[in-house]
Amino acid sequence: MFAKRCRGRIGGSDDPLTEVISGAGLSLLLRVLGATAQFGFSMVVARYYGAEGLGIYTLSLSNTVIASVLGRWGLDQAALKLIAIRANKREWALVEAIQIRALKLVMSISVGITLVLFVLAQWLAGHLYRDHASGMGVMLQVLVLGIVPFSGLNLIAECLRAVGKVAAYAMIQSILVATIAMAGLPLLDRFGLGLSSAAYAYVFACYATFLCALHAWRSFLHQQPAAIERGASSAENLLETATSMAWISIVGTLMSFSETLLLGLFRPADNIGIYSAALRLSLLMSFIIIAFNTVLAPKFAALIQSEKRSTVQKLARKTMVMMLVATIPVLIVFILFPGYTLLLFGHEFKQGSDALVILALAQWFNVATGPAGLLLMMGGHEKLLRKFTVYTWLTNAAAGLLLIPPYGAIGAACSASVGIVMLNILAILGVRKQMGIALIGFS
């Protein structure tokens, strides 16, 4: 639908806002379905194995997700940027070359990381997470087997996003893995695998989704004009662009999971599960900005390449207002009824009410500040965003070390909120100074 509306190219609409709203509406619908599936899987884990089981699973998964980000080395974001620019010019030979080279690099790096972590899984569980070692060793060994397909499906999802295939992107990145895993967990649990059932279900879902992603990408390419030129040199700046973006992704992911990792080091597993449930609920608000950013990323890349600063500023401001208004009802529910919403995971999760309120306010600020970080990345200011991300992560880690040992989930929520607020403020200031785009106030 999106691709047709663009008449086969990114940026084909005369009204960027109309195109963004249409694409964001579809993306939001799919994100809601994805959130439902992810909630479903988390709730199944929580119902089967309680807060402690959810905590061990979340802690183990956090380590493998970080490993996957290392495996992608920023190549997913680099491919998104470069393919969006080439697709806007209908240079399909270059689009294909970028995707192929990116996938080969991602697969190579991810395989190496998988082998290392598989060998070290038991050691890591015993030395880093001693309080949870008995449950984490096998869990980690199983989950690391999902690094390769998870890295691959995320790369291909970003490639589909770059060419305007919003539905396929959302299905691959946020719906299929959770849906397949949720269906598979009860079946695997019957074999007496215990908590490891969640890990096996997740890994199987990653492989199945990766195959679906490959099929979706090939189907898209077959619909385009036959490529006349095919050369590796067409993607010669891919790795250079990816390296600039890699540290942003790596540090950003470490910041996202730092509270979970610190809880694993200093607090019981049930604290991790309670915090994870509160975080999962608060992230519902972020689906609004993710839905818009799904469409805005290639749009911004194309507009910035064409040096249409005023159009970018107008588009960013209008989408900020829409996102802000859209998240207010969810914020009100979380502030007034945090305990009731957490009952979805089980009675013991009500202890996370205060953490949910804190995280919801932080996520609302994240939405309110708009796509500042995305603008810096699409505008070629990856190094500046990387610097901001490092500063924020250091502050975030310091706050976590100070607050998490004595206060548990509440301390983790406060630490995460500090990071969210700081990064967004720095990004807004950076966009104004480096790009001349005022997201807040008057230009």
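**Figure 1. Burial and overall make-up of the chain.** Of the 443 residues in the chain, 56% are buried. The model shown here and in the other views is predicted. Its secondary structure consists of 16 helices and zero strands. Among contacts in the chain with a separation of 6 or more, 83% are between residues 24 or more positions apart.

**Figure 2. Helix H15, residues 382-407.** H15 has 26 residues, and the distance from its first C-alpha to its last is 35 Å. This is close to the 38 Å expected at 1.5 Å a residue. The helix has a kink of about 30°, centred on Gly400. Gly400 is also one of the buried residues of H15. After H15 comes Gly408, which has a positive phi, near 60°.

**Figure 3. Packing of H9 with H15.** The residues of the contact of H9 with H15 comprise 16 nonpolar, eight polar and three charged.

**Figure 4. Packing of H11 with H13.** Helix H11 spans residues 309-336 and helix H13 spans residues 353-368. Their axes come within 9 Å of each other and cross at roughly 175°. An angle over 145 degrees counts as roughly antiparallel, and H11 and H13 are therefore roughly antiparallel to each other. On H11, the contact is made by Met320, Met323, Leu324, Thr327, Ile328, Leu331, Phe334 and Ile335. On H13, Leu356, Val357, Ala360, Leu361, Trp364, Val367 and Ala368 take part. By class, the residues of the contact of H11 with H13 are 14 nonpolar, one polar and no charged.

**Figure 5. Ser42 in helix H2.** Ser42 is placed in helix H2, which runs over residues 16-72. Its relative accessibility is 9%, and Ser42 therefore counts as buried, the cut-off being under 20% relative accessible area. Apart from residues up to four places away in sequence, Ser42 touches Leu54, Arg280 and Phe345.

**Figure 6. Ser60 in helix H2.** Ser60 lies in helix H2, the helix in which Ser42 is also placed. Ser60 has a relative accessible area of 0% and is therefore buried. With neighbours within four places in sequence left aside, the residues in contact with Ser60 are Met136, Met139, Leu140 and Leu143.

**Figure 7. Ser174 in helix H7.** Helix H7, made up of residues 166-189, contains Ser174. The relative accessible area of Ser174 is 3%, so this residue is buried. Ser174 and Asn154 are 20 residues apart along the chain, and their C-alpha atoms are separated by 9.8 Å.

Methods. Residues are numbered from 1 along each chain as its sequence is written. This is a predicted model: local features need pLDDT of at least 70, side-chain atom pairs count only at pLDDT 80 or more; totals for chains, interfaces and linings use all residues. Side-chain values use heavy atoms; hydrogens and water are left out. Axes are lines fitted to C-alpha atoms, for helices over the stretch in contact, and angles run from 0 to 180 degrees between N-to-C directions. Helices (H or I, at least four residues) and strands (E, at least two) are DSSP runs, numbered from the N terminus. Angles under 35 degrees count as roughly parallel, over 145 as roughly antiparallel, 65 to 115 as roughly perpendicular and the rest as oblique. Contact means heavy atoms within 4.5 Å. Ala, Val, Leu, Ile, Met, Phe, Trp, Tyr, Cys and Pro count as nonpolar, Asp, Glu, Lys and Arg as charged, and the others, Gly among them, as polar. The expected span of a helix is 1.5 Å times one less than its number of residues. The bend at a residue is the angle between axes fitted to the seven residues ending there and the seven starting there. Buried means under 20% relative accessible area, exposed over 50%, partly exposed in between (1.4 Å probe, protein chains only).
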